[in-house]
2 protein chains.
Amino acid sequence: MEKDSAKISMAVIRRLPKYHRYLKDLLDRNITRISSKELSKVIGFTASQIRQDLNNFGGFGQQGYGYNVDALYDEIGKILGLDKTYSTIVIGAGNLGQAIANYTNFEKSGFVPKAMFDMNPKLVGLKIRDIEIHDIDTVEKFIQEHNIDIGIICTPGPQAQSVADRLIKGRIKGIWNFAPIDLTVPDEIVVENVHLSESLFTLSFLLRHNQL
Amino acid sequence: MEKDSAKISMAVIRRLPKYHRYLKDLLDRNITRISSKELSKVIGFTASQIRQDLNNFGGFGQQGYGYNVDALYDEIGKILGLDKTYSTIVIGAGNLGQAIANYTNFEKSGFVPKAMFDMNPKLVGLKIRDIEIHDIDTVEKFIQEHNIDIGIICTPGPQAQSVADRLIKGRIKGIWNFAPIDLTVPDEIVVENVHLSESLFTLSFLLRHNQL
């Protein structure tokens with residue numbers, strides 16, 4: 001039984017994939033049961049934080065027993081929507097776009113790349129693995145015809161908003177944005193950003209202040 | 001005048017690159033002066049949030065004048081350590097590693113890739129742009145001889161910890177980690193993670209709950 005998901009804070013949501021990853025590690029090591037105290041040692045959150053986080057989704061632990069690792073892993077997977085598959089397209093067939101399209105781990109988790117798109121006519125028609133690069137002008141139609149869920153924007157910043165506008169016109173559901181800008185989208189469109197420069201600059205901040 | 005940087009929360013630190021980016025946009029549009037209210041409209045943080053954030057670093061605004069965009073941009077750049085250059089190496093010459101090494105925007109910001117490393121002998125000796133791929137066994141020596149600041153780990157998860165151990169042995173200062181694990185490192189080593197799967201799973205959570 002989940003609380004209204006609108007009430008769950010982004011901080012909690014962002015911790016869920018980490019639980020998922022650590023529970024998978026435990027399963028791989030044949031650990032089937034774990035207390036929130038032990039889980040806390042492994043994952044680095046406090047036991048009370050863990051109990052609080054999981055209570056958002058109805059809690060899973062049993063007093064005196066702890067957590068059933070397998071059940072918790074499945075349940076968090078479901079909460080994350082990983083019991084479904086998603087059709088994706090990658091826009092921008094440069095180095096980063098190709099790396100993302102090539103990264104088979106995403107496909108194993110249910111995110112299946114159906115096509116790439118680029119504005120460079122020299123790239124159109126080429127294939128990365130089995131994934132063909134299409135002309136960006138056909139992207140709206142492709143999304144509709146193939147019922148694409150997620151558009152992954154790997155273009156330079158200046159192109160990203162107009163690409164997003166096209167994806168939205170094609171009725172995309174979510175955007176995974178690697179371009180270094182904040183997109184303007186209607187409320188019903190979900191956007192998740194990976195701003196690599198911001199992460200790198202955070203590192204340089206920490207380096208600078210570490211050396212003081 | 002900055003406060004003790006140890007007291008500045010990670011949340012504030014993570015907002016600084018965003019200020020930096022938006023201030024650059026303003027400069028590009030020849031806007032030289034801005035009130036915290038106007039800046040708030042552009043960047044999407046509240047005006048009081050902005051004043052509070054910048055007060056951590058001595059504040060920059062003047063009552064009734066607002067912020068001098070140029071000076072604030074420079075100052076935040078310095079706080080982020082972007083007035084220096086950093087030597088970097090990329091470990092793992094697969095698609096993602098190549099994309100990162102190829103991304104010239106990082107170099108423009110002062111992060112200069114000096115070499116790549118891989119364990120695959122077929123890749124050793126090849127070049128990406130002018131960046132040569134070396135044997136991973138030589139990484140400790142390379143770091144010391146070239147005074148490398150940042151190691152960028154783009155290996156699969158299972159190799160990442162042993163790579164990190166080598167970087168630390170070579171006296172690296174910071175690690176930008178793209179591998180899907182949490183590294184164990186001594187306190188004096190700065191680590192910044194980019195966990196792509198966690199970002200993608202956050203998107204699928206938001207998609208799933210958006211559709212309810």
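Predicted model: local features only at pLDDT ≥ 70, side-chain atom pairs only at ≥ 80, totals over all residues.
Chain B is superposed on chain A by a rotation of 180 degrees with 0.0 Å of shift along its axis, at an RMSD of 0.0 Å. The two copies are thus related as by a two-fold rotation axis. The same surface serves both copies, in that 100% of the contact residues of chain B recur in chain A.

In chain B, seven strands in the order E5-E6-E4-E3-E7-E8-E9 make up an open sheet, in which the pairing is mixed. Strand E5 (127-128) and strand E9 (190-193) of chain B stand at the edges of this sheet, and because each has a single partner strand, one side of each is left without a neighbour in the sheet. Strand E3 (residues 86-91) of chain B pairs with strand E7 (residues 150-153) of chain B in the parallel sense, over four bridges, and B:Ile89 has B:Gly151 in E7(B) as its bridge partner. Packed on the sheet is helix H5 (residues 95-102) of chain B, which touches E3, strand E4 (111-118), E5, strand E6 (131-135), E7 and strand E8 (174-177) of chain B, and whose direction makes about 155 degrees with that of E4(B).

Turning to chain A, the axes of helix H2 (residues 36-43) and helix H3 (residues 47-55) of this chain come within 8 Å and cross at roughly 105 degrees, which means that H2(A) is roughly perpendicular to H3(A). To this contact H2(A) contributes A:Ser36, A:Lys37, A:Leu39, A:Ser40 and A:Ile43, while H3(A) contributes A:Ala47, A:Ile50 and A:Arg51.

The UniProt record, an unreviewed entry, lists A:Gly92, A:Ala93, A:Gly94, A:Asn95, A:Leu96 and A:Gly97 under "binding site". Of these listed positions, A:Ala93 is found in the loop between strand E3 (86-91) and helix H5 (95-102) of chain A, whereas A:Gly97 lies in helix H5 of chain A. A:Ala93 has a relative accessible area of 1% and is therefore buried; when residues up to four places away in sequence are not counted, A:Ala93 touches A:Gln98, A:Met116, A:Phe117, A:Asp118, A:Leu123 and A:Ile133. A:Gly97 is likewise buried, with a relative accessible area of 0%, and, its neighbours within four places in sequence being left aside, A:Gly97 is in contact with A:Val90, A:Gly92, A:Met116 and A:Cys154.

Terms used. Residues numbered from 1 in each chain as written. Chains lettered and ligands numbered in written order. Heavy atoms only, no water. UniProt positions renumbered as here; feature names shortened; annotations may be inferred. Helix = DSSP H or I, 4+ residues; strand = E, 2+ residues; numbered from the N terminus. Buried < 20%, exposed > 50% of the residue type's maximum accessible area, 1.4 Å probe, protein only. Contact = heavy atoms within 4.5 Å. Least-squares fit on C-alpha atoms with pLDDT ≥ 70 in both. Pairing = 2+ DSSP bridges. Axes fitted to C-alpha atoms, helices over the stretch in contact; angles between N-to-C directions. Parallel < 35°, antiparallel > 145°, perpendicular 65-115°, else oblique.
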